[in-house]
Amino acid sequence: MAKTIQAIRGMNDCLPEVSGIWQQVESTLRSVVASYGYQEIRTPVVESTDLFKRSIGEVTDIVEKEMYTFEDRNGDSLTLRPEGTASCVRAGNEHGLLYNQHQRLWYMGPMFRHERPQKGRYRQFHQFGVEAYGLDGPDIDLEVILLSARLWKAFGIADHVKLQINSLGSNEARQAYREALIEFLTARADQLDEDSRRRMETNPLRVLDSKNPEVQAALEGAPSLIDHLDSESEQHFSQLCERLSQAGIEYEINPRLVRGLDYYNRTVFEWVTDSLGSQGTVCAGGRYDGLVEQLGGKSTPAVGFAMGMERLVLLLTTLNAEEQGTSSADIFVTALGEDAASYAVTVAEQVRDTVAGARVMMHCGGGNLKKQLKRADKTGARVALLLGSDEAQNQQVTIKPLRDGQEQSTVALASLETAVAPFID
Ligand code: ATP
Ligand code: MG
C-alpha cells in the first residue's frame, strides 16, 4: 500500500464536525463589523519579506524565528503573512486609501508562524481583525474596543474575557523609558534568560513581553511605562479610560503590556481569558500611528486589533456556549422504485426553490425504505419525504416527521411548501 501523506505539523484541517461552528463564528463577526460601518479588505497571503521586517520589527519573535520565508523562482524573498496589519497598510498605501481619509476596514484569513504547536498555538492559524485609519483621538480607540466587546456579547462569552490596557506613549517618551528599563534590567541580568539578555540591548521593551515566568518574576518592580508618558499621550490615555468607564466597559491597566510587534504607540490592549491555559490572549491590538509613514505612505494615524479565531472557537467549545450544529439537513428525500426516482428529484428541487433556507438532502444509491430512513436519521433531518410510485402518479408527497412522534401524512405536491415549513428553523 502507498504511504499516506499527512498535513504539515501545526496546520489543521477544519472537518465537517467543526466547520459549522466556524461558519457561525464568521457570520457573527461579519454582522458585528457591519453594524459599525467597517468594510472588508482582502490581501494576498504572500508578501515581500521586507514588508514584515520593516513593520513588525527585526528584533521580534515573529521576524527572528517565526516567519515562513522562501525564495520564489525569480530569487525574490517572499513570506507567508504572519499577521494582517502590515498587508493592510501596504495595500492602503498602494491604492491610495489612507492619506487624508477615514477608513474603517476588517479582514479575516489564515496567518502563518513557525512556532511550537500546542493547544491554541498553530503554524497556520486564522485571524479576524479591524483597522481604522485617519483618526487620532481616543474616540476611535474607544470604538474599536467597543466593537471587540460587542463580539464577546454576541458570542455569549462576555463574562469569560477581561480587557487589559496600557499606553506606550510617543516614540520619544519611550526612548527615555528605554534608558530607565535598561538600567533596571542590567542590574538583574543574571535572572534573565538568554533571549531576554540579548533583547535587553537591542529591544528592551520586548523583555516585558517575555512568556518565561522566571523573567516575569525578575521584572517585579520594573519602571512603569505609564510613569514615562509624554503629556499628550497621557491625556489621550486618561480620556480613553474615562470613556471606557462611561461606556460601561471594565478594564485593568497592565503596565507591562507592550505587545510583541514593534509598530505600536500609545494605546495597546488585550482581551484575555483564564479558560485556555497559557494561550490566554484571544484578541490584541492598539494604536500604530507611525506605521503608514514607515512603510512609505504619508503620515496617517491608525488603530486596530487582531483576534485569534482558533482561540475563540476553542473558548466557545470549552464553555459550550455555542450549539454544536451536527445536522446536515432539515429535509431528507427518499425514493422507492424507478418511476419515483425522477419525481423525487423534482420534489427536492421544488422545495429548494420555494422554502427559503431549507437544507434538502436527496437519498442516492437506492436500497429499501428502512435503509433510506436510517440514512435520514443520521443526517439529523427533522422530516423525511417518502416518494414511491403512488406519490409519483398522484403528484403527492408523503411526509414523515422523524423527531417528535407525529403521524405521517400525505399532501398534494402543490401544498408541500406549507406542509414542510414547520420543520425549517
Ligand atoms: P502570543 O502572545 O499568544 O504569542 P502574539 O502577541 O504573538 O500572541 P498577535 O501577533 O498580536 O499575537 O496576534 C493576535 C492574536 O492572534 C493573538 O492574541 C492570538 O489570539 C492569535 N495568535 C497569535 N499567534 C497564534 C498562533 N500561533 N496560533 C493561534 N493563534 C495565534
Ligand atoms: Mg506570539
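This is a predicted model: local features need pLDDT of at least 70, side-chain atom pairs count only at pLDDT 80 or more; totals for chains, interfaces and linings use all residues.
View 1. Residues are numbered from 1 along each chain as its sequence is written, chains are lettered from A and ligands numbered from 1 in the order in which they are written, and side-chain values use heavy atoms, with hydrogens and water left out. The eight strands form an open sheet in the order β1-β5-β6-β11-β10-β9-β7-β8, and the pairing is mixed. Strands are DSSP runs (E, at least two residues) and helices likewise (H or I, at least four), numbered from the N terminus; two strands pair if DSSP finds at least two bridges between them. At the edges stand β1 (39-40) and β8 (252-253), each of which pairs on one side only.

**View 2. Strand β1 beside β5, and helix α4.** Strands β1 and β5 (residues 103-112) run parallel and are joined by two bridges, and glutamate 40 stands opposite tryptophan 106 in β5. Helix α4 (residues 85-94) lies across β5 and β6, running at about 45° to β6; axes are lines fitted to C-alpha atoms, for helices over the stretch in contact (heavy atoms within 4.5 Å), and angles run from 0 to 180 degrees between N-to-C directions.

**View 3. The open sheet of three strands.** Here the order is β2-β4-β3, with antiparallel pairing. Because β2 (46-48) and β3 (68-71) stand at the edges with a single partner strand each, one side of each is left without a neighbour in the sheet. Four bridges join β3 to the antiparallel strand β4 (residues 77-80), where leucine 80 stands opposite tyrosine 68. Helix α2 (residues 49-56) lies across β2, β3 and β4, at about 75° to β2.

View 4. Among the polar contacts (pairs of N or O atoms within 3.5 Å), a polar side-chain atom of arginine 113 lies 2.7 Å from an oxygen atom of the ligand, and a polar side-chain atom of glutamate 115 lies 2.6 Å from a nitrogen atom of ligand 1. A polar backbone atom of threonine 281 is 2.8 Å from an oxygen atom of ligand 1.

Definitions and conventions: A polar contact is a pair of N or O atoms within 3.5 Å; within protein, one must be able to donate a hydrogen and the other to accept it, and residues adjacent in sequence count only if both atoms are side-chain atoms.
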